[in-house]
Structures are given as structure tokens and as C-alpha cells.
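This report describes helix packing in a predicted model. The sequence and structure are shown first.

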Amino acid sequence: MNLKKSVLVGMSVAMSFLFVGCGDEKEVAEFNKPALYWYQQIANSISHGNLDKADSYYISLKSEHMRSPLMPTSLMMLAHAHMNAEEYLLANYYLDEYNKRFGEYESREYTDFMKLKASFMGVKDVYKDQKLIIDSISTAKVYINRYPGSPYAPLVNTILIRLHMSQYLLNENIAALYDRTGKPDAAKIYRDKNKGSVVEMADITPPEKGIIGYVFD
């Protein structure tokens, strides 16, 4: 079973527990359970939107059954659940955990894409997240070089263009601010940063939702 099918199976298991009643808080304190028990509790918690409890059950699964064949799917279930909840740092944590332990070349093409997507979606404020934008541009370029025939390449290229647009608009907005405050030399520094960019101002329509916009709507 390939990685994507494993994730779908795992999410199906999660949905199968949708109508199972939540246990009380003492469940998290339980120990010495079979791997399947912890896996089912993770799935049940995800289906009820209780990601804190799902994280706790994962710790129990990892502590008691580190070599369980249920570990890979559990990690991907949690990564997807946190991404859906817009908790991108935690999503990346689980993707990193997956890559460290199960990241063969075939699966890394997918998990590296998911990590890039999580980083991109994690850009909330271009003024505060400048380093994240720069790092994500670098990551997207590495991905395209590493997986030139990837089915995710069109989305990665879209992400890369959006990031370049964000960087261009950010520099232009800062330059305009310096123009308004009578500091033309500082404005020139930021406009010079846009020279040689893969995008130009004529290519950009500032999105209503913010500079980044949404690729995955």
C-alpha cells in the first residue's frame, strides 16, 4: 500500500469512530495498551476535533510501540489533521518525524511537498514572516530540482510564483513608505531588490485576501 493510500485508509478509520463516544480525561493516563488501541484513540480524537488528545495518544503509541507498522499512518493522519486545523508548525513536526523514520525517496516526494505547502500556508503576515517567505522560496527551488517530474510540480511552481509576488510587493510597499517619508535613498534600496525578479509589477494584481492569497482554495 503506498503512502497516499495509507493516509486515506487512516482517515477512513478516523471517520469510522465519528459516532463513538468520547471517553473521559483519564484515558490519556492509560498505559501498556496494544498499538491498535492507541491508533484507534488517535483516530477517534481526530474525528472529534480533539487534536491535543490525539497528540497525547501518539506519544503513548510512540513510547510503547515505536516499531509498530501503525506508526507511519498515525504520523500522516496527525500531520493532515493539524494542517486542516491551520496548525502548520505542528503539521511540519509530524512530517519531519515521518521523514526521519520512514522517509524513503518515493514517500519523500509527497512529504516534502506537504512540508512546503504547510510552510507556504503558514505565511500570515508578510512583514513578520519575511524569513519564512525567503526560506520557502529556497525550499520550492530545491524541490523542483530534486523532483523534476513530480505530479506536484505545477502546485510547487504556483507556490513559488506567489512567494515571488509576495516578496516583490513587500519591497515595493516598503519603498513607497520611504518615498512618503522623504527617504528616496532607502526607497531605492528596496526597489533595487526587485531588479531581476522573475515577476514584475505589471504581472501582479494585489489579492483582496492579502498579499499571499490562497493557492489551495
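## Helix α4

Of the 14 residues of α4, 13 are buried, so this helix is largely enclosed by the rest of the structure. Helix α4 covers residues 71–84. From its first C-alpha to its last, α4 reaches 20 Å, close to the 20 Å expected at 1.5 Å a residue. Glu 86, which follows α4, has a positive phi, near 60°.

## Packing of α2 with α3

Helix α2 (residues 35–47) packs with helix α3 (residues 51–64) at an angle of about 165°, and their axes lie 8 Å apart. Angles over 145 degrees count as roughly antiparallel; α2 and α3 are therefore roughly antiparallel to each other. The crossing of α2 past α3 is left-handed.

On the α2 side, the contact is made by Ala 35, Trp 38, Gln 41, Ile 42, Ser 45 and Ile 46. Helix α3 contributes Leu 51, Lys 53, Ala 54, Tyr 57, Tyr 58, Ser 60, Leu 61 and Glu 64. Nine residues of this α2 and α3 contact are nonpolar, three are polar and two are charged.

## Packing of α6 with α7

Helix α6 (residues 105–121) and helix α7 (residues 130–146) pack at about 155°, with 10 Å between their axes. This angle makes α6 roughly antiparallel to α7. The crossing of α6 past α7 is left-handed.

Residues of α6 in the contact are Tyr 105, Glu 109, Asp 112, Phe 113, Leu 116, Ser 119 and Phe 120. Those of α7 are Leu 132, Ser 136, Thr 139, Ala 140, Tyr 143 and Arg 146. The contact of α6 with α7 comprises seven nonpolar, three polar and three charged residues.

Key:
Residues numbered from 1 in each chain as written. Predicted model: local features only at pLDDT ≥ 70, side-chain atom pairs only at ≥ 80, totals over all residues. Heavy atoms only, no water. Axes fitted to C-alpha atoms, helices over the stretch in contact; angles between N-to-C directions. Helix = DSSP H or I, 4+ residues; strand = E, 2+ residues; numbered from the N terminus. Parallel < 35°, antiparallel > 145°, perpendicular 65-115°, else oblique. Left-handed = near helix turned anticlockwise from the far one by under 90°. Contact = heavy atoms within 4.5 Å. Nonpolar A, V, L, I, M, F, W, Y, C, P; charged D, E, K, R; others polar. Expected span 1.5 Å × (residues − 1). Buried < 20%, exposed > 50% of the residue type's maximum accessible area, 1.4 Å probe, protein only.
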